[in-house]
Amino acid sequence: MEDISLHILDIAENSIAAGATIIKITISEDAGKDVLLVEIEDNGSGITDEFIKKVPDPFYTTRTTRKTGFGLSLLAQSAREAGGDISIKSKEGKGAAISACFKYSHIDRKPLGNIADTLIVLIAGNPQIDFLYEHRRNDKVYSINTKEIRPELGEAPLNFPAVINVIRKDIEDGIKGLGMV
C-alpha cells in the first residue's frame with residue numbers, strides 16, 4: 001500500500017466485516033521520541049490466536065472469496081521496514097486491537113496519506129457504525145466521535161451529503177490545526 005491511511009482503511013474494513021459497531025482509530029506522532037503509532041480498536045468478533053500467529057503469512061486468510069489476506073501482513077511489513085512492528089491483542093467475541101509502530105524519521109516510513117478521505121469513506125459508507133478518531137501530533141490533539149454527532153442531526157442520517165461535507169471540513173481543519181498540510 002502506498003500510504004498508512006490505506007492500511008487504516010483496510011484494517012477498519014476488516015473490523016466492519018467482523019461485526020464491529022464501534023471502531024476507534026488513534027494516530028500518535030511524536031517527533032521528539034521518533035515514533036509514529038497507529039492503533040485501531042474495535043468491538044467486533046475478535047481474532048483467533050491461530051490467526052494472530054499466521055499474520056506474517058500474506059497467503060493465509062479466513063476469507064472464502066480470495067486466497068490471500070494481505071491486510072495485516074502488509075501493515076506488519078510496512079512497520080518493520082520503518083524500524084517498527086505490529087502488535088495484535090484480541091479476545092474472540094470481544095474485539096481486537098491492532099497497533100503499528102513506526103520509527104517516525106525512518107527513510108522507508110510510508111507517508112500518512114489522506115486521513116480525511118479515509119475517514120469520510122468509512123463514515124459515509126458505514127453510517128450505522130460509531131467511529132472515534134483521535135490524532136495526536138507532539139503536544140496538539142484533534143478528535144472526532146460520530147456517536148457525539150448523531151444527537152445533533154435529528155432525523156438526518158450521518159451519511160447525508162450536507163452532514164458529510166461538514167464532517168469532512170471539521171476533519172480537514174482539525175488535521176491542519178495539528179500543523180499538517
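Start by selecting Asp 130: it is buried, with a relative accessible area of 12% (buried means under 20% relative accessible area, exposed over 50% and partly exposed in between, with a 1.4 Å probe and protein chains only). Asp 130 belongs to strand β5, residues 130–137 (helices are DSSP runs of H or I with at least four residues, strands are runs of E with at least two, both numbered from the N terminus). Now show what surrounds Asp 130. Leaving out neighbours within four places in sequence, Asp 130 is in contact with Thr 21, Ile 22, Ile 23, Thr 146, Lys 147 and Arg 150 (contact means heavy atoms within 4.5 Å).

A quick word on what you have loaded: this is a predicted model, so local features need pLDDT of at least 70 and side-chain atom pairs count only at pLDDT 80 or more, while totals for chains, interfaces and linings use all residues. Residues are numbered from 1 along each chain as its sequence is written, and side-chain values use heavy atoms, with hydrogens and water left out.

**Next stop: α5**

Select residues 146–153, which are α5. Thr 146, Ile 149 and Leu 153 are buried here. They cover an arc of only 55° around the axis, which puts them on the same side of α5 (the arc is that of the directions from the helix axis to the C-beta atoms). What do the buried residues of α5 pack against? Color α4, β5, β6 and α6 to see those partners.

**On to α6**

Helix α6 takes in residues 161–177, and its 17 residues reach 24 Å from first C-alpha to last, close to the 24 Å expected at 1.5 Å a residue (the expected span is 1.5 Å times one less than the number of residues). Pick out its buried residues: Val 163, Ile 164, Ile 167, Ile 171, Gly 174 and Ile 175. They cover an arc of only 100° around the axis, which puts them on the same side of α6. They pack against α4, β6 (140–145) and α5. The face of α6 turned away from that buried side carries exposed Pro 161, Asn 165, Val 166 and Lys 176. Step past the helix to Gly 179, where phi is positive, near 90°.

**Into the nonpolar core**

Keep Ile 167 selected. Which residues touch the most other members of the largest nonpolar core? Of its 48 residues, they are Phe 102, Ile 167 and Ile 171 (a nonpolar core is a set of buried Ala, Val, Leu, Ile, Met, Phe, Trp, Tyr and Cys residues joined through side-chain atoms within 4.5 Å). Helix α4, residues 115–125, gives the most to this core, with six residues. Zoom in on Ile 167: not counting residues up to four places away in sequence, it touches Ile 120, Ile 123, Ile 144, Ile 149 and Leu 158. As a rule, nonpolar side chains tend to be buried together in soluble globular proteins.

**Rings**

A search of the whole structure finds one aromatic pair. The rings of Tyr 133 and Tyr 142 have their centres 6.3 Å apart and their planes at 55°, so the pair is tilted (rings of Phe, Tyr and Trp, the last by its six-membered ring, pair if their centres lie within 6.5 Å; planes under 30 degrees apart count as stacked, over 60 as edge-to-face and the rest as tilted). Tyr 133 and Tyr 142 are both buried.

Then hop to Tyr 104: the charged end of Arg 109 sits over its ring, 4.7 Å from the centre (for that, NZ of Lys or CZ of Arg must be within 6 Å of the ring centre and within 35 degrees of the ring normal).

Select Lys 140 in strand β6. Is Lys 140 buried or partly exposed? Lys 140 is partly exposed, with a relative accessible area of 39%. Not counting residues up to four places away in sequence, Lys 140 touches His 135, Gly 177 and Leu 178.

Move to Asn 138, in the loop between β5 and β6. Asn 138 has a positive phi near 55° without being a glycine, and at 48% relative accessibility it counts as partly exposed. Finish at Asp 34, in the loop between β1 (22–30) and β2 (35–42). Asp 34 is not a glycine either, yet its phi is positive, about 60°.
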